[in-house]
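Please open the model in a viewer and follow the selections below in order.

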Amino acid sequence: MPSSQAAVDRSATVMDSNPPFFPTYKSLFSSRGSMNDEAELLAVECDLPLVDLGRLNGKLEAKQCKQDIITAATEWGFFQIVNHGVSNSLLARLRRQQVKMFRQPFKKKALDFSDDSYRWGTPTATSLKQLSWSEAYHIPLSSANKLARTSTSRCVIEEFSAAMAQLANQLVDTLAEGLGRDGTYIKENCTRNSCYLRLNHYPPCPLPGEVFGLVPHTDSDFLTILCQDTVCGLQLKKAGRWVTVKPNPNALIVNIGDLFQAWSNGLYKSVEHRVMSNPHLERFSVAYFVCPSIETLIHSSALPAIYRKFSFGEYRQQVQQDVRLTGHKVGLTRFLA
């Protein structure tokens, strides 16, 4: 087959696999407009603080390594880690499986996992600035073995989630130590039964200046560990301005969630972030979310407390209600003491 024809066929396959954004959100596209002036500005590219976890194995370097993690969580809310113990071969196998899942015809994607794991777009969107041009598999680890339709998916997800859980516990211990606490509270409440994976795909978007890949938000968890590809897109707020995170193929990205900010009494920062859409390139990422059970009570670790006590279930319910009524997440400001 001529190479040009092969490219055409592959393009048709990719188009057939992507969600039907235009017909589904036709009313939103009929009243098009740019996101806002802020989104149109070219964000400055930055390197996140880089932490080599290999230094935790050395007595002399471990103390400074822990301090680097604590400082990054306090000043940035984001940092990247290398020598994290998750093998490149495992990450490559997961990425291959992820690409395969998103490459299949759109109508078959919901069949990969039972329940409502496959999601795309933003059902509650009332304007383009509330729409996310992306699709994802939201996989609760408690039921991943039952949900996955293929043995390959089950095996790689099981292996990856186990590696993420071990890494997350290591980070939680260090961050809790920075508060003069230990990580027992978080680890006992954030188990396999409540944590989850999210496999993300951002298809090329023909309207990159008008639609986000993922709308601005903070994460409603304790901690998120992200494995992304080499395509730019992730941005975060730093000193009131959006900055673009420069992809590092050798690193995983860690960010503080709302619950850790509340538990740390505001010391660690859950920072607003977003994904910009790309007109030409697709983007893949995998996120591991450290979440507690819905009954878990969240309270500040110091006094006077900035936030009142609340359950994770109450927090999720409030976030969902705000998104439904206002089109965006309000978050922790709803729970000030």
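Select helix 5 (residues 59-75) and helix 9 (residues 151-177): their axes come within 9 Å and cross at roughly 80°. The two helices are therefore roughly perpendicular to each other (65 to 115 degrees). Axes here are lines fitted to C-alpha atoms over the stretch in contact, with angles running from 0 to 180 degrees between N-to-C directions. Helices are DSSP runs of H or I with at least four residues, strands are runs of E with at least two, and both are numbered from the N terminus.

Helix 5 contributes Lys 66, Ile 69, Ile 70 and Ala 73, and helix 9 contributes Leu 171, Thr 174, Leu 175 and Glu 177.

The model is predicted, with pLDDT of at least 70 required for local features and 80 or more for side-chain atom pairs, whereas totals for chains, interfaces and linings use all residues. Residues are numbered from 1 along each chain as its sequence is written, and side-chain values use heavy atoms, without hydrogens and water.

Move to Asn 83, in the loop between strand 3 (78-82) and helix 6. Its phi is near 50°, a positive value in a residue other than glycine. At 53% relative accessibility, Asn 83 counts as exposed (over 50% relative accessible area, with buried under 20% and partly exposed in between; 1.4 Å probe, protein chains only).

Then select Asn 265, in the loop between helix 11 (258-263) and strand 12 (273-276). Phi of Asn 265 is also positive, near 60°, but at 13% relative accessibility this residue counts as buried.

Finish at the peptide bond from Leu 303 to Pro 304, which is cis with omega near -5°.

Conventions: Parallel < 35°, antiparallel > 145°, perpendicular 65-115°, else oblique. Contact = heavy atoms within 4.5 Å.
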